[in-house]
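Dear colleague,

I am passing on the structure that we spoke about, and my notes on it follow below. Please read them with the model open beside you.

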Amino acid sequence: LFQETVEKLIQVDIAENALKNAVESEIPTVRVVADEEFLPFKEDTFDLVVSSLSLHWVNDLPKAFREIHQVLKPDGVFIGAMFGGDTLYELRCSLQLAELEREGGFSPHVSPFTAVADLGHLLARAGFNTLTVDTDEIQVNYPGLFEVMEDLQGKYILCMGESNCSWNRKPLLHRETMLAAAAIYQEMYGNSDGSVPATFQIYYMIGWKYHESQAKPAQRGSATVSFGDLAKIEGLLKRGKK
């Protein structure tokens with residue numbers, strides 16, 4: 001986002017401290033404390049809405065998508081990135097196995113994530129069209145489980161602050177369970193150099209609000225060429241040159 005292309009920037013977050021700590025910009029900026037599920041803006045207000053790695057905290061993701069769609073102008077675009085379903089699977093599995101072994105049951109200790117198969121459907125139901133959804137995975141190596149959890153509690157990885165936001169989460173883990181989880185993590189996922197990987201899956205999405213000027217798909221059955229003809233294209237090109 002550059003001053004040459006953005007006339008005004010409105011930053012929104014439900015956490016006031018997050019807005020206070022936002023990076024300063026040369027773009028004229030207004031900061032608003034608001035819930036993503038109840039955006040305090042009029043319909044057809046913005047040309048662009050951007051969300052970077054925060055939507056996994058939203059309680060009602062379909063509602064948040066509908067709110068974003070509503071505040072966009074026709075032909076406006078939503079560009080977002082959020083953590084996906086395979087994020088921290090090594091940590092989740094290790095904690096669950098350790099709790100089952102030591103305590104006879106387990107409680108989730110990492111916030112739930114959305115599956116990529118659901119993301120396109122949720123965006124389409126909210127009214128977005130010309131959708132693009134992509135996924136990527138990043139692995140970060142740590143000395144062990146305790147260093148992973150220290151990072152996720154917000155000391156080093158900005159924008160994460162991951163633990164579990166569920167109201168009925170278990171308040172603490174026993175020391176013996178934590179030690180067992182660290183051993184399981186190392187045994188199941190450990191690297192040859194003694195470190196352990198933590199996987200972060202990221203979904204990228206782009207969706208447009210409808211406008212009559214946008215390109216429209218052709219009607220079903222109107223195609224004049226079959227995909228099966230692609231295998232013949234080399235021969236057709238050679239024949240055309242002759």
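This is a predicted model: local features need pLDDT of at least 70, side-chain atom pairs count only at pLDDT 80 or more; totals for chains, interfaces and linings use all residues.

Before the findings, one term: rings of Phe, Tyr and Trp (for Trp, its six-membered ring) are said to pair if their centres lie within 6.5 Å, with planes under 30 degrees apart counted as stacked, those over 60 as edge-to-face, and the rest as tilted.

Residues are numbered from 1 along each chain as its sequence is written, and side-chain values use heavy atoms, with hydrogens and water left out.

Overall layout

The protein chain has seven helices and six strands, where helices (H or I, at least four residues) and strands (E, at least two) are DSSP runs numbered from the N terminus. Read from the N terminus, the elements follow the order β-α-β-β-α-β-α-α-β-α-α-β-α. Of the 242 residues, 35% count as buried, a word that stands for under 20% relative accessible area, with exposed meaning over 50% and partly exposed the range in between (1.4 Å probe, protein chains only). Among contacts with a separation of 6 or more, 73% come from residues 24 or more positions apart, contact here meaning heavy atoms within 4.5 Å.

Four strands form an open sheet with mixed pairing, in the order 3-4-6-5, two strands being paired if DSSP finds at least two bridges between them. Strand 3 (46–52) and strand 5 are the edge strands, each pairing on one side only. On average, and with direction ignored, neighbouring strands of this sheet are turned by 10 degrees against each other; for such angles, axes are lines fitted to C-alpha atoms, for helices over the stretch in contact, and the angles run from 0 to 180 degrees between N-to-C directions. Helix 2 (residues 61–71) packs on the sheet, where it touches strand 3, strand 4 (72–83) and strand 6, and its direction makes about 145 degrees with that of strand 4. Strand 5 and strand 6 (residues 196–208) run antiparallel and are joined by 12 bridges.

Asn-129 belongs to strand 5 (residues 129–142), and its bridge partner in strand 6 is Trp-208. Apart from neighbours within four places in sequence, Asn-129 is in contact with Gly-207, Trp-208, Lys-209, Tyr-210 and Gln-214. The side chains of Asn-129 and Thr-130 are joined by a polar contact of 2.9 Å, that is, a pair of N or O atoms within 3.5 Å of which, within protein, one must be able to donate a hydrogen and the other to accept it, with residues adjacent in sequence counted only if both atoms are side-chain atoms.

Thr-130 is also in strand 5, and at 52% relative accessibility it counts as exposed. Its phi is positive, at about 50 degrees, although Thr-130 is not a glycine. Most residues other than glycine have a negative phi. Leu-88 likewise has a positive phi, near 60 degrees, but this residue sits in the loop between strand 4 and helix 3 (89–103) and is buried, with a relative accessible area of 1%.

Phe-83 and Phe-200 have ring centres 6.4 Å apart and planes at 55 degrees, so the pair is tilted. Since Phe-83 lies in strand 4 and Phe-200 in strand 6, the pair ties together parts that are 117 residues apart in sequence; both residues are buried. Tyr-185 and Tyr-189 form an edge-to-face pair, 5.9 Å centre to centre with 80 degrees between the planes. These two tyrosines are four residues apart in helix 6 and therefore separated by about one helical turn, and both are buried. Ring pairs also link Phe-65, Phe-78 and Phe-128 into a cluster.

Helix 6 (residues 175–189) has 15 residues and reaches 21 Å from first C-alpha to last, close to the 21 Å expected at 1.5 Å a residue, the expected span being 1.5 Å times one less than the number of residues. Its buried residues include Thr-177, Met-178 and Ile-184.

A buried aspartate

Asp-151 lies in helix 5 (residues 145–155) and is buried, with a relative accessible area of 9%. Its side chain makes a polar contact of 2.9 Å with that of Tyr-142.
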